[in-house]
Amino acid sequence: MIFRPGDLTFTPVSGVNLVHMTKIPAVTASRLPALSTTVTPADPGTVPAAHGILLAHGATGSIEGNYAGLVPALAATGHTVVAPDYPGSGRTPRAEGPLELDALADALVAEAVAAGVETFTLIGFSLGTAVSVRAAARHPERVRGLVLTAGLAKPDHRTNIWLDLWLRLLDRGDYAGFAQARALSGLSPEALNALPPAELAAVLDDSPDAPPAGSAEQAALVKEVDTTGDLAGITVPTLVVATTQDQLIHPSHSRYLADHIPGAEYAEIATGHVPMVERPAEWEGMIVKFLGERGL
């Protein structure tokens, strides 16, 4: 396994202003900034898929950090891929207030429609699973399928403790501590212990420029999500992927999603919270296989 500096720290694009990035602005949730969105067309010569793909990344992550390897695999199977970065990730400006799940879900759907992708499968990771479920509940005419990896409907005490620790470290400007906390919560013990020295140093990068500027707002949103009331109304084909060695979001959360979304398929992958880092080919294969079998 090869780790890049951005795999856990999700290094933002240079030029993003990170001054005072650790404190959430003390105002009520407001209109989101325009999202920076990459649209990748299907590879030339491929049979066009029935629907497009809309990606929803994880908190303190980015499209590049969570989906860099998956996008080419999706394009190779005839999919147009719409990939927006949340406020404060990638090239998207930071929000001026706390994030709200409904607004974020609506904004992602709007990006797909603006790109000419009228219907799509939503692929969500971590926080992105809640964004995806809420988008499916609010825009059933658009969403044709769901793939939910390392997700949750509502955080439990363990996840909230991790998130409170992240937020406290960011608020104090303790970037070394934040990098350590994310390494412990993000990677499985096996993967963490197998890192060669250079890759471990990259994962533990204590630069203030390493976390995305919107990390605090995104982590705070995870603490607030609750999609338990949405699950029974989901009627589209759904694949739930549990990360069985996850130290941040226990795999029982994925089991809950699969049990409460009618007809959902359930699969497991033996990784920590970031399967795209630990077992990327296996994870990508699960997704491509599901899309093909369900005609998505």
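Modeller: Let's start with a term: a cavity is a set of grid points where a 1.4 Å probe fits but cannot get out. Keep in mind that we are reading a predicted model.

Colleague: Good to know. Which residues lie nearest the centre of the largest cavity here?

Modeller: Ala59, Thr60, Trp166, Leu248 and His273 do, out of a lining of 20 residues. Helix 6 and helix 7 (175-186) are the elements that give two or more residues to that lining.

Colleague: What volume does the largest cavity have, and how many cavities of 30 Å³ or more does a search of the whole structure find?

Modeller: The volume is about 180 Å³, and the search finds two such cavities.

Colleague: How does the lining of the largest cavity divide by class?

Modeller: Ten of its residues are nonpolar, nine are polar and one is charged.

Colleague: Now the packing. How should I read a nonpolar core, and which members touch the most others in the largest one?

Modeller: Think of buried nonpolar residues joined through side-chain atoms within 4.5 Å. In the largest core, which has 55 residues, the members touching the most others are Leu108, Phe120, Leu122, Leu127, Val131, Leu146 and Trp166. Helix 4 (residues 101-114) contributes the most to this core, with seven residues. There is also a second, separate core of 31 residues, including Leu70, Ala183, Ala191 and Leu239.

Colleague: What does phenylalanine 120 touch, beyond residues up to four places away in sequence?

Modeller: Its contacts include His51, Ile53, Leu54, Val109, Ala112 and Val143.

Colleague: Where do the buried residues of helix 11 fall when seen down its axis?

Modeller: The idea is to look at directions from the helix axis to the C-beta atoms. In helix 11 (residues 252-260), the buried residues are His253, Ser254, Leu257 and Ala258. They fall within an arc of 140 degrees, so they line one face of the helix. Those residues pack against strand 5 (143-149), helix 6 (157-171), strand 6 (238-243) and strand 7 (265-269).

Colleague: Helix 6 again! Why does asparagine 160 count as buried?

Modeller: Buried means under 20% relative accessible area. Asparagine 160, which lies in helix 6, counts as buried because its relative accessibility is 18%. Leaving aside neighbours within four places in sequence, asparagine 160 is in contact with Pro155 and Lys223.

How values were computed
Residues are numbered from 1 along each chain as its sequence is written. This is a predicted model: local features need pLDDT of at least 70, side-chain atom pairs count only at pLDDT 80 or more; totals for chains, interfaces and linings use all residues. Side-chain values use heavy atoms; hydrogens and water are left out. Buried means under 20% relative accessible area, exposed over 50%, partly exposed in between (1.4 Å probe, protein chains only). Helices (H or I, at least four residues) and strands (E, at least two) are DSSP runs, numbered from the N terminus. Contact means heavy atoms within 4.5 Å. On a 1 Å grid over the protein atoms alone, a cavity is a set of points where a 1.4 Å probe fits but cannot get out, and a pocket is an open set with protein on both sides within 12 Å along at least five of seven lines; lining residues have an atom within 4 Å of a point. Grid points are joined across faces, edges and corners, and a volume is the space filled by probe spheres set on the points. Ala, Val, Leu, Ile, Met, Phe, Trp, Tyr, Cys and Pro count as nonpolar, Asp, Glu, Lys and Arg as charged, and the others, Gly among them, as polar.
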